[in-house]
Amino acid sequence: MSSNIVVAIDGYSSCGKSTLAKALAKQLHFIYVDSGAMYRAVTLYLLRKNIDLKDPAAVEAVLPEVHLNFHARDYQTHILLNDEEVSDEIRLMPVSENVSAVAAIRSVRHEMVKQQQRMGRSKNIVMDGRDIGTTVFPNAQVKLFMTADPKVRAERRFKELQPNNPDITLEEVFENLAHRDYLDTTRAESPLIRAEDAIILDNTNLTPEQQLQFALDKVEPFLKG
Ligand code: CDP
Ligand code: CDP
């Protein structure tokens, strides 16, 4: 039986999951996997190929052409789509506006979950996403479900995007987060839902350092020696 430790972090859009997951992985020397980046990279591929996202059969047909790899470096997300680094492009609005529709397609989820489970089979890992504690790693030792006030989340994401996207508006960001949360929580295939044994972490009024300490306290009992 494997004795690796899995920390599953789920929650709504832009509520600090990846900030926490990266900091935790760095502190504990665990591997960090950003599962959202995988759905985003698949979406980028489909958009570039002009695939009709409303046609699940057309999407499924091209999935074998998508090869994803993470390139581990300094706990940031470096994702390769068919050997091309796309870490920045997957954060842009065209991908953000379409990713939740793609993530609702059964064949896409099936393939991503399979790859994610393989990554956490024998290594200590921190993975963030929407279905990590419910579907990908239902037996994870530590499950956190993150939430924060929607306005605070939109302001934080806006601040992050604005320097490279001067035309973007706070309203646009707020609408995108709300729309993705709606699609993610209402889809048929592994919707975003808190696993019964997940600990809620509302970080509306927490700094990144405070949320890290909260999570470290939960993982600590599982660390050996
Ligand atoms: O913008 P944010 O960092 O909150 O999102 P993300 O983690 O990059 O994920 C982008 C989208 O991928 C989400 O809105 C979901 O539609 C989808 N996703 C998912 O369905 N399951 C996951 N485990 C991770 C992401
Ligand atoms: O991964 P997710 O979409 O859930 O969120 P994120 O990318 O980790 O965080 C979104 C933004 O909120 C980033 O700019 C973080 O620096 C910021 N943040 C914050 O200001 N305070 C926190 N306690 C957590 C995140």
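These are my notebook entries on one protein chain and two ligands, from a predicted model.

**Ground rules**

I count residues from 1 along each chain as its sequence is written, with chains lettered from A and ligands numbered from 1 in the order in which they are written. As the model is predicted, local features need pLDDT of at least 70 and side-chain atom pairs pLDDT 80 or more, while totals for chains, interfaces and linings use all residues.

**Entry: the whole chain**

I started with the inventory: the protein chain has nine helices and eight strands. Helices here are DSSP runs of H or I with at least four residues, strands are runs of E with at least two, and both are numbered from the N terminus. I then looked up the radius of gyration: it is 17 Å, close to the 17 Å of the globule rule for 225 residues, so the chain is as compact as a globular protein of that length. That radius is taken over C-alpha atoms, and the rule is 2.2 Å times the number of residues to the power 0.38. The C-alpha trace spans about 50 × 40 × 35 Å along its principal axes.

Next came burial, where 40% of the 225 residues count as buried. Buried means 20 or more other C-beta atoms within 10 Å of the residue's own, exposed means 12 or fewer, and partly exposed is in between, with C-beta atoms placed from the backbone. I also checked contacts, meaning C-beta atoms, placed from the backbone, within 7 Å. Among those between residues at least 6 apart in sequence, 74% join residues at least 24 apart.

**Entry: the five-stranded sheet**

I traced an open parallel sheet in the order S2-S6-S1-S7-S8. S2 and S8 are the edge strands with a single partner each, so one side of each has no neighbour in the sheet. From one strand to the next the twist averages 20°. Angles run from 0 to 180 degrees between N-to-C directions, and axes are lines fitted to C-alpha atoms, for helices over the stretch in contact.

Strand S1 (residues 6-11) runs parallel to S7 and is joined to it by five bridges. Strands count as paired if DSSP finds at least two bridges between them. S7 also pairs with S8 (residues 199-202), again parallel, over four bridges. One residue on, Thr147 has Asp202 of S8 as its bridge partner.

**Entry: the three-stranded sheet**

I found an open antiparallel sheet of three strands, ordered S3-S4-S5. Its edges are S3 (68-70) and S5 (84-85), each pairing on one side only. S3 and S4 (residues 79-81) are antiparallel and share three bridges, and Asn69 stands opposite Leu80 in S4. Helix H2 packs on this sheet, touching S3 and S4, and its direction makes about 25° with that of S4.

**Entry: ligand 1**

Which residues come nearest to ligand 1? I noted Gly36, Ser100, Ala103, Gly129 and Arg130, out of 16 around it. A residue joins such a shell if its C-beta atom, placed from the backbone, lies within 6 Å. Helices H2 (35-48), H4 (93-103) and H8 each give two or more residues, and H2 has the largest share with four. By type, I get four nonpolar, seven polar and five charged. In this count Ala, Val, Leu, Ile, Met, Phe, Trp, Tyr, Cys and Pro are nonpolar, Asp, Glu, Lys and Arg are charged, and the others, Gly among them, are polar.

**Entry: ligand 2**

Ligand 2 also has 16 residues around it, and Gly16, Lys17, Ser18, Thr19 and Arg156 come nearest. The elements giving two or more residues are helices H1 (17-28), H7 (150-161) and H9 (208-219). This shell divides into three nonpolar, nine polar and four charged residues.

Most residues other than glycine have a negative phi, which made me look for exceptions. His29 has a positive phi near 60°, and I placed it in the loop between H1 and S2 (31-34). Because His29 has 8 C-beta neighbours inside 10 Å, it counts as exposed.

Ser190 has a positive phi as well, near 30°. It lies in the loop between H8 (170-186) and S8. With 19 other C-beta atoms within 10 Å, Ser190 is partly exposed.

Technical notes
Two residues are in contact if their C-beta atoms, placed from the backbone, lie within 7 Å.
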